Structure formats: structure tokens, C-alpha cells
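Have a look at the model first, then read on about how its two parts meet.

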Amino acid sequence: MTSPTAEQAPAAASAPLCVGVVGVGQRAYIAHHVAASGEAAVLVAAADTTADGRDRAAAQFPGVAVVASHHELVGLVDAAIVTTPDATHATIATDLLRAGVAVYLEKPLATSVADADAILGVAAETGTPLYVGHNFRHAAVVRLMHDVIARGEIGEVKTIWVRHFVGNGGDYYFKDWHADRSQTGTLLLQKASHDIDVVHLLAGAFTERVVGMGDLMVYGDVDDRRERPGETVDDWFSFDNWPPASATGLNPVVDVEDVSMMMMTLGNGVVASYQQCHFTPDYWRNYTVVGTEGRLENVGDTGGGVVKVWNRRHDWQVAGDVEYPIDGVEAGHADADLAAVAEFVAFVARGVLPSLSPVAARAAVAAGSLAAESLRDGSTPRDVPPLPDAVLEHFARLTAPAAPAAVPRPTRSAPAASSAAPDPVAL
Ligand SMILES: NC(=O)c1ccc[n+]([C@@H]2O[C@H](COP(=O)([O-])OP(=O)(O)OC[C@H]3O[C@@H](n4cnc5c(N)ncnc54)[C@H](O)[C@@H]3O)[C@@H](O)[C@H]2O)c1
């Protein structure tokens, strides 16, 4: 095993990095990307508190040590990929970081600002590497929108509006712990943290003030509820589960909102809005970014989609003045997942600075959790508290400078819609 701190990662590891995975449910499959990362790293252990999870670990990762607690990974691994429910992130991450185990922590970083700050504080204090799995930053659609903005094609960004159609009949978020506030806090964290993070990326600043509005409008009225021991989302996901009000087998506790909206004022004056609905027939997100010299909008958010740019004066026009095809996988996010895990492994094994910062992950948690507070308190505004300078400086030293914008490859012809069915994986 190698046990580098974030500041002292070796130039070349003498032995393969030993990696473990904590929480073997639906998302644990990203641990397979350790082997695909191209780095000298190997998955050696898996931990899950349930017998079902340990059975899945033995089946999915043959040959690895299977244990019942993240504590038992200490001494077995140099690094751990944490794919447990959100409310467990703070305890597991701080325990591992204090034990010198580098952590890849799934988003959201935590379910409250206090927990997020505790994790960042322990990482800064111990120097143990921390990476938060905001894989959406690696998605082709996000890289493309960022490049369009960085090349100045729409001028200076002033406002961003995100519409998030979280379809699939409640299968993703209302049939297990995701529906329970005590486990997630709010779907403005569990689901929206990706998009809040990308709003921050595209705007070039973090949220300082936020208000929220929303309600539980459909799934709260569905009475068919049950526990689902031993099941993960792959067991119940089906396009036949429609319309949403006919859903069966919802989680016994359903108290998160199924419609959530938030408005943000960012540190550089950009204003942004985000809307999320969990009972739409379709499943994707749409960004509109308006700058001083044009606007962009994505149609589709995976391979086969397009980012349109309008930057000349005219009346409404379906075609963009310029259109860029979105690369990458046509459904799901396997390419972004691999990029994220590879970035983490390269960071820990070879000290290659990652493009993602835990400070940005904290900014997403702050905006989402405070928007939920606002939503549940008459839409009164909330201000994001600052992080200590020492924590900001620690992570600034450990984050790579932004890469230059990619050379454009525009096309004017609208691509054909993808016929591929999305895989049952939420991002
Ligand atoms: N970045 C993405 O695109 C993406 C996609 C899906 C899920 N996620 C994140 O991954 C995490 C896991 O989600 P999921 O859908 O796999 O959940 P899941 O319910 O399918 O799996 C969670 C697993 O963790 C285990 N577990 C619970 N508490 C534990 C503990 N204290 N120690 C060890 N194991 C424990 C459970 O037994 C279960 O096997 C969440 O934080 C979620 O937000 C991220």
C-alpha cells in the first residue's frame, strides 16, 4: 500500500494503489473504473453494512475482501470510493480521512452546510486527499457549453436558467431512501447538486444568496408503500411505470418535494434559476445561458444532442446561428464516471492535480440545502456562509488551473434524435 497525503503524493507509486469501495448498491459499479483508469491501482476490498450489500460485493467484485464496515478498510486500502446514502457521507468520509485513507466521495458532499464544512475541515487538517464525485462536470454537454462560453461566443454570462425534467415515474427518487428527508435533506441536494455545480462553473462564481419554492404534488398522494429489502433501483426501474400517480411500492416515508425551484444570486452578480420536476414524461435537463452577446441552449444532454448558439439579431428561429454536436455516450454517463474515477486515482497515486475542487462541491451543498430551508420557510432568502481562508487555500493548492477552451467543431444540421433507451442510472 502507499499512503500519500494530498500535499506529498509520490511522483511514481512503487506499488499499485489499493482501493476499496464503501456501500455496494446501485452506484458501486463505478469501482470497476479503478481497473479501467489506466493507473497502477487495484480494487482490493468492499464494505457494506448489510448482508445483501455484502452479497452484491462478492458477486460484483470477485476476489476482493468483503467487510461489514468502513472501519475495517483501514489497513487494507490506501483509498476508498464512498457510494453510500447521502446522510452517511460525513461520518464515513471524516473517519476515513482521519485514518489517512484518501476518499472519493459521491455527490452530494453532505446533506448540510455544517457536515460539508466538517469534511473539508478534516481534509485540510489531515492533508488526506479528498475528491467529490461531481462527474457531471466531465460530461460532454457541460464541457461543450463551458467551451462556448470560454471562447466568448455569447459575450459575458449574465443569467442562467436550468429546467430539469426528472422523469421515469418516480423510480429514481421515490421508491427508497431518496424520498426521506432524514436521508437526503432535499432533492435540491441529491439531484440538483450536479446542476448547481455546473451553474457555478458556467457563471464563474458561487451562489451567495438563494431562495426556494416547491411542494410535494404527486407522490405524496400515492398510498402504495413498502420497504424494499435487498433491492436496488435496477430491480424496479421500468418504462411501464407510468403515469406517476399509478406508481406502486413507494418508500414508506415520502416527505421530499417532487417540484423544487430555486433562484440564486452569485458572487459576480450573475443571477440563475433551477427548476426540478419528478413527474415529467421525459428525462433530461435543459440549460439556457444568456450573455451580453448571445445565448446558448442544449437540446438533449448526451451524445446525439446539440448545443445551439444564437448570437445574431432575428425573430424566433428553431435552428441556432451555430450548432455544436454533443459527443460522448448516448445515454447515461459512463464516460463521465470513468473520467472522474481516473482523475481521483491519478491524484492519489501520482499527485496529478484534479480539475474538480471540494470547495465547489461545498458551494453546491450550501446553495441546495439553503434553498430547501427557504422553500420550507415561506421562500425567505438565505445567505451562504463563507468557508475559512485556510480551507480555501488548502484546496486552491490542490486544484488544477482551468483548461483552455477546445477548438470548435460547429455544424448547422440538426442531428437525428437518439433511439437508444436510457439506462436506469441517474445523474
Ligand atoms: N454521481 C452520480 O451520477 C450518482 C449516481 C447515482 C448515485 N450517486 C450517489 O451514490 C450514492 C449511493 O447511491 P445508490 O443509488 O448507490 O444507493 P443504494 O441505496 O443503491 O446503495 C447504497 C449502499 O450503501 C450501503 N450502506 C448504507 N449505509 C452504509 C454504511 N454506513 N456503510 C457501508 N455501507 C452502507 C447500503 O446497504 C447499500 O448497499 C449516493 O450518495 C448518491 O447520491 C451518484
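1. Start with the spacing: the centres of domain 1 and domain 2, taken over C-alpha atoms, are 25 Å apart. The domain assignment (automatic or from a database) gives domain 1 as 17-134 + 335-357 + 386-397 and domain 2 as 137-331.

2. A word on ground rules. This is a predicted model, where local features need pLDDT of at least 70 and side-chain atom pairs count only at pLDDT 80 or more, while totals for chains, interfaces and linings use all residues. Residues are numbered from 1 along each chain as its sequence is written, and side-chain values use heavy atoms, with hydrogens and water left out.

3. How much area do domain 1 and domain 2 bury between them? About 1,600 Å², with 59% of it on carbon and sulfur atoms; buried area is the accessible area (1.4 Å probe) that two parts lose on being put together, summed over both. On the domain 1 side, Lys107, His134 and Asp335 lose the most area to domain 2, together 33% of what that side buries.

4. As for contacts (heavy atoms within 4.5 Å), 20 residues of domain 1 touch 19 residues of domain 2.

5. α10 gives the most, with 5 residues.

Terms used. Helices (H or I, at least four residues) and strands (E, at least two) are DSSP runs, numbered from the N terminus.
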